[in-house]
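Hi,

Here is the structure you will be working with. Please have a look, then read my notes below.

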Amino acid sequence: MEERLMKKFIVFCLLLCSAVALTACGDSVAKENKKGLKEVSVMLDWYPNAIHSFLYVAIDRGYFKEEGLDVTLQFPSNPTDPLTLTAAGQSTFGIYYQQDVIIAQANEGIPIKSIGPIVRSPLDQLMSLTETNIKRPRDLEGKKIGFNGTPLGEATIKNMVKTDGGDPSKIELIDVGFEIVSALITKQVDAITGGLINHELPVLEHKGYAISTINPSDYGVPKSYSMVFVAGDKIINKEPKTVQAFLRAANKGFDFAEKEPEQALGLLLKHQEKDNFPLTKSIEQQSLALLNKLMATDDAAFLSDEDVNWDEQSKWLKEQGIAEKIVPANELYSPFER
């Protein structure tokens, strides 16, 4: 769930290398079960939470079965499982981060593409206790910022400060690993990045903390999709109808979750992983209300996509020295009619 966990750079690179080897032997073709349904697996980005509500709706209400699919949701053992195992054909689809899909393609040539954005705006935003009076990036001068230790996290913070007229050399970046929330509330740092406005923010507010946030896309960082569905090139090329069927059912699940959030929330809570990631209803309720506004907008339907959203990200990541090359949009995502 927590993006800081999903972006540990060293693990990311190691597992990407293993994905290249696995791809040659992976079988991404969806097999038919005894009921005549194609077996499809989805590797989630984390344990069940509000962002996955529409999938549980689609399963419970039979939308996937209507499309001839038997869908199983999987939870990652390693941070990059949704990317590496999906590319290798060990999972049919995965949920991952747009920027990391680009990095995987540009630096490692991983045969994977997005098949549809799930969340259309950055969930990872700069957070600070409101009492510190950090209202804009240049206010970070002379402050300590906790982050996840990745080149992407560092580039994002420095770019925000510079764009706002501040001096990035006057901020102190501290790698706090997984402990971003505790680092903030114990005032080891003045602000954090890597916290998600659909999780860490409501968790902190639930604990009684007043939190201020700053969106990177307001300060020089191209607006990114926080989550996208990914699929390996094999299934995209060999079974486009399976991909289309999956997206149609997922879209129906979202439509229902948007119109009936309480019922969707109930299904999520029913399927929560209590031993690994217990959910608090009020937090997930707040999260789902926010997500429903970010997964579809007046200008863009759920799962819709266009080249500009990938071109801008690819160019920016190359400029920051994070991606080794600019990857064309048609190599990063595959548009599917639903």
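Phe 64 and Phe 246 are both buried. Buried means under 20% relative accessible area, exposed means over 50%, and partly exposed is in between (1.4 Å probe, protein chains only). The model is predicted, so local features need pLDDT of at least 70 and side-chain atom pairs count only at pLDDT 80 or more, while totals for chains, interfaces and linings use all residues. Residues are numbered from 1 along each chain as its sequence is written, and side-chain values use heavy atoms, with hydrogens and water left out.

Aromatic pairs

The whole structure holds 12 aromatic pairs. A pair is two rings of Phe, Tyr or Trp (its six-membered ring) with centres within 6.5 Å; planes under 30 degrees apart count as stacked, over 60 as edge-to-face and the rest as tilted. Trp 46 and Tyr 47 are edge-to-face, because their ring centres are 5.3 Å apart and their planes are at 65°. Both of these residues, Trp 46 and Tyr 47, are buried. Phe 64 and Phe 246 are stacked, at 5.4 Å centre to centre and 15° between the planes. Phe 64 lies in helix H4 (residues 63-66) and Phe 246 in helix H11 (residues 240-259), so this pair ties together parts 182 residues apart in sequence. Helices (H or I, at least four residues) and strands (E, at least two) are DSSP runs, numbered from the N terminus. Phe 64 and Phe 246 also belong to one aromatic cluster with Phe 54, Phe 93, Phe 229, Phe 254 and Phe 302.

Helix H3

Phe 54 sits in H3, where Ser 53, Leu 55, Tyr 56, Val 57 and Ala 58 are buried along with it. Six of the eight residues of helix H3 (residues 53-60) are buried, so the helix is largely enclosed by the rest of the structure. Gly 62 follows H3 and has a positive phi, near 80°.

Domains

The domain assignment gives domain 1 (38-121 + 225-331) and domain 2 (124-218). Such bounds come from an automatic or database domain assignment. The two centres, taken over C-alpha atoms, are 26 Å apart. Domain 1 puts 16 residues into the contact and domain 2 puts in 13 residues. Contact means heavy atoms within 4.5 Å.

About 1200 Å² is buried between domain 1 and domain 2, and carbon and sulfur atoms give 64% of that. Buried area is the accessible area (1.4 Å probe) that two parts lose on being put together, summed over both. On the domain 1 side, Ile 283, Gln 286 and Trp 316 lose the most area to domain 2, together 36% of what that side buries.

How many salt bridges cross the interface of domain 1 and domain 2? The rule finds zero. It asks for a side-chain nitrogen of Lys or Arg within 4 Å of a carboxyl oxygen of Asp or Glu. Helix H13 (281-295) and helix H14 (307-319) are the elements that give two or more residues to the domain 1 side. H13 supplies the largest share, seven residues.

Two single residues

Is Lys 135 buried or exposed? Lys 135 counts as exposed, because its relative accessibility is 63%. It is in the loop between strand E5 (126-129) and strand E6 (144-147).

Ser 334 lies in the segment after H14. Ser 334 counts as buried, because its relative accessibility is 12%. Leaving out residues up to four places away in sequence, Ser 334 touches Lys 113, Ser 114, Ile 115 and Ile 236.

Best wishes
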